Amino acid sequence: MRSLKIVHCGIFNEYDDGDFFYGLERKISHGLIRGGHFVYDFSYRDWERNLRLCGIKNSGLKKMNDKLARICKNINADLLLIAKGEKIELSTLKAIKQALPKIKIALWYVDHLEEKSAFFEKLDFIDVFFWANGLKLRELSTKFSAKFAFFPNISDAAFDKKLNLTKTTDVIYIARDYKEDVRFKFALLLRDFCQKENLNLKIFASLDNPSVFGDEFHRELAKTKIAVNFNRDDELESMRSQKLLGASDRMAQFMGCGICTFSPAIAGFEKLYEDKKDIVYFINPSDCFAKIKEYLSCDKYAQIAAQGRVKTLKIANATRVGKFMLETIFEESFGNENCDEKDTRIYNDKDGKICEKHAASGEKKNRAEKDDENFINETSKKQSEFEDEADGFYSENYEWREFIYRNGERV
C-alpha cells in the first residue's frame, strides 16, 4: 500500500478563530493523515476572500482557482479532494488534470444539494462524488459520469470530547431553523412539552436563542442527559420523510461526545445504529416526548449514551471513513499498514479515561475498571455481527458499502 499526497480543498473557516474546530474538513484531513498520507489543506473561501480586489465579493475567484492549480502541480498531488467547492471552476479542474494526468479528483458534500448548473457540470468530470445522504445517489449516477457513494458523518475521539461534568440539563436541542421550516414547529412543541413536565431544556440557534460553538459546545453537551437531533428535511411524522441515511454532522457530534441521542426514524440508519441500544428513534413528537420521560425516569439514557459512543467511534471514526473514501476513489485497498501504531482506543464512559492498546508495543495505559472492561468486551462481541469479510478491493465490510452507484447500478 502506498502513501498519497492529497490536496484537501475545503471550508476550513480560518477567519472564525477556531469556533468550529470539530468541522468535517478537519476530521477528514485528520483521518487521512492518520492513515499515513500527506494532506495539504486549502481553505478556498478564505483564500478567495483574501485575494479580493478592494474587498469586492468574488473578485478573488480567478486568483484563488489559479492558486489551487499551482498547489496541486507543485505538490504533484495524487488526489484533489474537494469539500462542496462551489467556487472551484471546471476549467481549473481540467487544467489540473492536464498538468497531472494521473491525479484523481473527488468531491464530498453534506448539505442539501441545491447548487447552480455549473456545479453539476463538474460531476461529469470528477472521479467520485461522496454525499452524506443516500436518497438520490442512484438517480444522480444515471445523469452524470462520476461514481456516487454515501459516506457517514464522522465521530472521532480527537474532536468529539467526552467531558465529565454534572448533568444539569435534561434535554438539549440545537438547530438553525430561521423560523421557516419544520424544525421551528418541532422546537415549539419540544419547549411546550418540557415546560409542562418541568424539564430543564436548553435550546440553541432556534426560537431566537444564540448559537453555541467551540469548547462551549462540548461543555453544554457534557452537562446534558439527552440531545434531540432534528434536521431540515425531517418531518413531524417520520413515515412521511423522504430520507435514506441522511442526518446532520451534529448528530455525529452528539453521539461522539457520549450523549444519549434521539432522532426521527431514518431509513437505512439501522445499518449503522441500533434502536434503543446505540440511539433512540422516534416516529413523531408524541413518541419522542414519551420516550424522553421514560429514559429520564430510570436513567436509561446513560446506557444508550455509552453504547452509542462506543459504536460511533468504532464505525465512523475519521481514519476508517477516510480509508473508505480512498478505497472508493482508487479502487485499491488502503489497510492500516501505513499507521505507525494501530489506533485501538476504547473509551471508559464511566469516568472518561482512555484505555489505549498499541499494536506495535502492546503497552497498556490507564486501564478501565473491571465492569467497564466487561461492558466494552460485550460491545465488541456484538458488533462483530457487522464485520463480514470485505468484498473486492475494500479492506473491510463497511456498513454503508451497498450505497455506491455508477450508471444507475450498484458497484
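Q: What makes up the lining of the largest cavity, by class?
A: That lining has 13 nonpolar residues, 2 polar ones and no charged ones. Nonpolar here is Ala, Val, Leu, Ile, Met, Phe, Trp, Tyr, Cys and Pro; charged is Asp, Glu, Lys and Arg; the others, Gly among them, go down as polar. One caveat: this is a predicted model, with local features needing pLDDT of at least 70 and side-chain atom pairs pLDDT 80 or more, while totals for chains, interfaces and linings use all residues. Residues are numbered from 1 along each chain as its sequence is written, and side-chain values use heavy atoms, leaving out hydrogens and water.

Q: What makes a space count as a cavity, and how many come out at 30 Å³ or more?
A: Take a 1 Å grid over the protein atoms alone: a cavity is a set of points where a 1.4 Å probe fits but cannot get out, and its lining residues have an atom within 4 Å of a point. By that rule there are 2 cavities of 30 Å³ or more. The largest holds about 110 Å³, volume being the space filled by probe spheres set on the points, which are joined across faces, edges and corners. It has 15 lining residues, and P152, N153, A252, F269 and Y273 are the closest to its centre.

Q: Which helix gives the most to that lining?
A: That's α9 (residues 249-256), with 3 residues. A helix is a DSSP run of H or I with at least four residues, numbered from the N terminus.

Q: Why is α9 called largely enclosed by the rest of the structure?
A: Buried means under 20% relative accessible area (1.4 Å probe, protein chains only). In α9, 7 of the 8 residues are buried, so the helix counts as largely enclosed. The buried ones are R250, M251, A252, Q253, F254, M255 and G256. They pack against α1, β7, α8, β9, β10 and α11, where contact means heavy atoms within 4.5 Å.

Q: How do you know that the span of α10 (residues 285-297) agrees with its number of residues?
A: The expected span is 1.5 Å times one less than the number of residues. For the 13 residues of α10 that gives 18 Å, and the end C-alpha atoms are 18 Å apart, so the two agree. Buried residues in α10 include P285, F289 and L296, and its buried residues pack against elements including β7, β9, β10 and α11.

Q: What share of the whole chain counts as buried?
A: Of the 411 residues, 53% do.

Key: 1 Å grid on protein atoms, 1.4 Å probe; cavity = no way out; pocket = protein on both sides within 12 Å on 5 of 7 lines; lining within 4 Å. Helix = DSSP H or I, 4+ residues; strand = E, 2+ residues; numbered from the N terminus. Buried < 20%, exposed > 50% of the residue type's maximum accessible area, 1.4 Å probe, protein only.
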